[in-house]
Structures are given as C-alpha cells and as structure tokens.
Amino acid sequence: ADVTDMDGNFLFHGKTVRQIEVPLSQQAVEFDKQLREYLRKGYSAQADNGKTIGRAIGFVMTVYRKLAASSVAAIHTALQRRLERLRGQVGQSIDSYDDERYQGEQEEADIQKSQASPFFPGEERILEGLIEKAASLEPNDTKLHAFMDGLVEIVIKENPQEKILVFTEYRSTQRWVQAALNARFGEGSCVLIHGGMDMQERRDAIANFEEEGSAQFLVSTEAGGEGINLQHRCHIMVNYDLPWNPMRVEQRIGCIDLYGQEHDRIRIFSFILNDTIEERILKRLYTRIRIFEESIGD
C-alpha cells in the first residue's frame, strides 16, 4: 500500500469497503429459528453416535449453517438433497475437488455423501417443514433484493457499462445470483468461474467479462480467488457471502487490487444477514483484530 513510483506517486490508491447489513423478514426469522432447532438436534446426535459418525454429523450441521448464511437457495437445495438421500432417491451428482481453494464447493459435495439413515428420530418430518419454508422464502429473498436493487441497479445507473465482480462460496448460491442477473439484464450478461471448469474455460469467461460490450458480471466461487487479474476492467467487487476465513476475503480482493488498477479507489461491498451466526462470527473477528492492533500496532 505504501509503494510509490520514482516521482513519489502511490501505485495503489486504496479501497473503500462497505458492509451492507440485510434485515431478516419475519418469515426468514421463523425459518432460521426452525433451522437452529434442527441443527441442535443434529449436534445432540453427534454426541450420541461415536467419534467417527458423530464428527460426520457435526460437519454436516456446520455446513448447513454456512449455507443458510450464504443464500436461501443454497440451504434449500442442501435440505432437499438430504431428504432425497433419506428416501433413497438419487439426486444430481456434485463435482468433488481435491483442492483447498474450492472449500465451499467441496463442502457441498461432501454433505451429499452423508449417511443415508436419519441423524435422529423424526429428521425426515423436520426436513419437510424446513424445505417448505425455504421454498416460500425464495420469491421474496431480502438478500437478493438488497443485492439487485440496493446495489447493482444503483451502480449500473451511475455507469451502464460498469463491470462487477461477485464472489460466492457455494455453487448453488452462484447459480441463484446468475439467474437473477440474467433475468434482469439479459441472458449472457453474467459469466461464471467455478472449480468444475478447466483453465481454458476460465480464460474464456475472463475474456468475455473483460471485453467491451460483453458480459457485465462475473460471478466466481473461491476457484477464482487466486490467479485471476481483473484490475484493467473492473474496480467493484461484491462479497455476496463471506468465507469464515479472513485470508480468503483478502484473496478475493486481490483480483482487482493490483498494480495497473486505473481507478482511484476500488470499491468492496459485503453482504451480512442481521441476527445470524455470520454476524456474530464477524464481530468476534473484528474484536480479535482490534486486540492485535492494540498489541502490535496498526
């Protein structure tokens, strides 16, 4: 951040970071309460099923919590797949990755392999209720509404040619955001990068995004968090969800906060659901950062 050229001019101009808090609707609050009860039952079953099975159940419950913070579409899809598994139905397979950069995508693949028997008595009945509630939330998704109308529309109104980079952890959330952008701005306005694409497919997506008059939005999973440089055509990045590892956030920002960025400041927007575990985790993170600053300086 302090590097200058021979004349003393800063090479990096800084960034503006804004956290956008999204209030939960009453329906969403009720769903979250019901989901928490399901998770509590799951964690209790974890303690009753031995070390190996218990750890597997605990992993699934934690991923469900993260999926719920990502998008209503992500948790809805995961719960549907869980119910299908309990009923012996074979759902759509999900790509599996042996790469730590694709953590969210790997989590989606791993929870689909969970045990085909109930974690606890009555699980199937509870899943049915959760799935019904999640489906009713999708048409009025407050987070998607805040993203589309409270951010994207405003940015595009300021500059109809603006390019926007969006990050999500999970493929189901990525598809949800892509569908909304294509529906609003036209088919082909949004391109993707995810772990299921080979290197040439990624290059094609980046070229499409950077080309004048072509795709206006690039929605990427963590697969694009390293190794893609978009500083020449993009200075706005959106965290539709936030990974629970702050270093991954820095990797995302690094896609546009690079030498050659022509705009005076890059702009980073992060969406946070109020009154959720995600909000509590972020507050804990900020508290720890302040402790480090007090101990060793800014």
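The following questions and answers concern the fold and packing of a predicted model.

User: On what basis are the residues numbered and the values computed?
Analyst: Residues are numbered from 1 along each chain as its sequence is written, and side-chain values use heavy atoms, with hydrogens and water left out. As this is a predicted model, local features need pLDDT of at least 70 and side-chain atom pairs count only at pLDDT 80 or more, while totals for chains, interfaces and linings use all residues.

User: How many helices and strands does the chain have?
Analyst: Helices (H or I, at least four residues) and strands (E, at least two) are DSSP runs, numbered from the N terminus. On that basis the chain has 10 helices and six strands.

User: What percentage of the residues of the chain count as buried?
Analyst: Buried means under 20% relative accessible area, with exposed over 50% and partly exposed in between (1.4 Å probe, protein chains only). The chain has 298 residues, and the share that counts as buried is 46%.

User: Which residue of β6 is the bridge partner of Asn239?
Analyst: Strand β6 (residues 266–273) is mostly covered, with seven of its eight residues buried. Strand β1 (residues 15–22) runs parallel to β6 and is joined to β6 by eight bridges; here Val17 stands opposite Ile268. Strand β5 (residues 236–239) also runs parallel to β6, joined by four bridges. The bridge partner of Asn239 in β6 is Ser270.

User: Is α1 roughly parallel or roughly antiparallel to α5?
Analyst: Axes are lines fitted to C-alpha atoms, for helices over the stretch in contact, and angles run from 0 to 180 degrees between N-to-C directions. The axes of α1 (residues 26–48) and α5 (residues 123–137) come within 10 Å and cross at roughly 155°. Angles under 35 degrees count as roughly parallel, over 145 as roughly antiparallel, 65 to 115 as roughly perpendicular and the rest as oblique. Therefore α1 is, relative to α5, roughly antiparallel.

User: Against which helices do the buried residues of α4 pack?
Analyst: Helix α4 (residues 103–111) is mostly covered, seven of its nine residues being buried. Among them are Gly104, Glu105 and Ile111. The helices against which the buried residues of α4 pack are α2 (50–70), α3 (72–86) and α7 (171–185).

User: Why does Arg82 count as buried?
Analyst: Arg82 is found in helix α3. Arg82 counts as buried because its relative accessibility is 2%.

How values were computed:
Pairing = 2+ DSSP bridges. Contact = heavy atoms within 4.5 Å.
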